Amino acid sequence: MSFQTNPTPVMNNFPGLPPFPDDASTAPLLRLSLRKLLAGDAAECEKLFMSSKDIGFFYLDLQDVEQGTSLLDDADALFRVGEALFELSPEDKQQYDFSAQNSYFGYKAQGAAVVDKQGNLDRNEFYNVSKDDILGVSGQLPAPETLHQSRARLASFMRGSHSIVKTILTILNKHLRLPEGMLSNLHRQYAASGDQVRFVKAPPQPVDDRRTALGQHTDFGSVTVLFNRLGGLQVLPPGADAEWVYVRPLPGHAIVNLGDAMVKFTNGLLRSNIHRVVAPPGRQADSTRYSLVYFARPEDSVLLRRLEGSEDIPRVMDGDAEEVVNSKDWIIRRALGRRVDLGGEVDFDKAAGTEQMSRRIQV
Ligand SMILES: O=C(O)CCC(=O)C(=O)O
Ligand SMILES: [Fe+2]
């Protein structure tokens, strides 16, 4: 297969879905090429570092290299798996909610979590599939037949996404001037971690009652690779007067963003942007919205704190010292802390991540 060397043209809309409205305000995210990043193109790697510091979100063009097109094929296949998965009856799906066992893998019904301090409930359902389960690092969780049949596809998608995450981490490692391989070694594919695929479904909302489907948050882990097709994802740019803007989905691209772990490792040098999901804009609001996500997280036992070994990473000031938590506990607290169906009181702030730092508001 041959690939062009110029940036691939952007196709604005997904065939078969209503278009994203041209008048919606959108985040000006950079569009990076996976092929160039893999080739070590200096300008492209610099753009990756800048985006990771300023916004913490970018598009990754997957169309110009085989590793990218095969990930796009896997994502297409898994979109179909996601549709079938959520067709199961509510009772069938509920059997796979493992939150009572302190696990965030498996199913989360719509309305099982709060989206804000006022206690409004979410409007999407999830199914979280563990990387360790699919790649044989841990035992297998019970799962619906649809997922059993898709294990090979899930494994391929997980390996492909993980490999892209490693490419990103290696570039960031170099630009941060950390000892060689440091970030990568905290994210070994075959070590126990909270890495997961998430299937998401949000049905169209009533015309007179459109609300936030997924509350504002920063992602809990290191790097997120996201595929969505309808608008609705919004980011909050830095600064006190910032207003929410949409991230326009682009065919052939993943949306990549950094999570809390990267903020903690770099004491705020890299940014994990606050984002949320609202009803899709314009004519898209009447369609069912699906997304597919790969969340890469540090290995379970990794402590989330400033990494040693680079003068470029700001020192933690006296008085700013934070509680040090390992990756596993951090994710459990964040993932389950806003669930309303676990019998306890929900303390919205206790389940927070690096949102406050993400705002970049000087106090
Ligand atoms: O559905 C999306 O576009 C984003 C989902 C998301 O932010 C998440 O699951 O953490
Ligand atoms: Fe997210």
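**Figure 1. Close-up of helix α3.** Helix α3 spans residues 66-86, and its 21 residues reach 30 Å from the first C-alpha to the last, close to the 30 Å expected at 1.5 Å a residue. The expected span is 1.5 Å times one less than the number of residues. Helices (H or I, at least four residues) and strands (E, at least two) are DSSP runs numbered from the N terminus. The structure is a predicted model, in which local features need pLDDT of at least 70 and side-chain atom pairs count only at pLDDT 80 or more, while totals for chains, interfaces and linings use all residues. Residues are numbered from 1 along each chain as its sequence is written, and chains are lettered from A and ligands numbered from 1 in the order in which they are written.

Figure 2. Buried residues of α3 are G68, L71, D74, A75, L78, V81, G82, L85 and F86. They lie on the same side of α3 because they cover an arc of only 130 degrees around the axis, the arc being that of the directions from the helix axis to the C-beta atoms. The face turned away from this buried side carries the exposed residues E66 and D76. A residue is buried if 20 or more other C-beta atoms, placed from the backbone, lie within 10 Å of its own, exposed if 12 or fewer, and partly exposed in between.

**Figure 3. The surroundings of ligand 1.** R198, V200, L214, D219, L226, N228, L233, H275, V277, S291 and V293 surround ligand 1; a residue is near a molecule if its C-beta atom, placed from the backbone, lies within 6 Å of it. At least two residues of this shell come from each of β5 (196-202), β7 (223-228), β11 (275-277) and β12 (289-296). Six of the shell residues are nonpolar, three polar and two charged. Nonpolar covers Ala, Val, Leu, Ile, Met, Phe, Trp, Tyr, Cys and Pro, charged covers Asp, Glu, Lys and Arg, and polar covers the others, Gly among them.

**Figure 4. An open sheet of four strands.** The strand order is β6-β11-β8-β9, with antiparallel pairing. β6 (214-217) and β9 (245-246) are the edge strands, each pairing on one side only. Two strands pair if DSSP finds at least two bridges between them. Strand β8 (residues 233-235) is joined to β9 by two bridges, and V235 stands opposite V245 in β9.

Figure 5. R177 counts as exposed because it has 11 C-beta neighbours inside 10 Å. With 18 other C-beta atoms within 10 Å, N267 is partly exposed.
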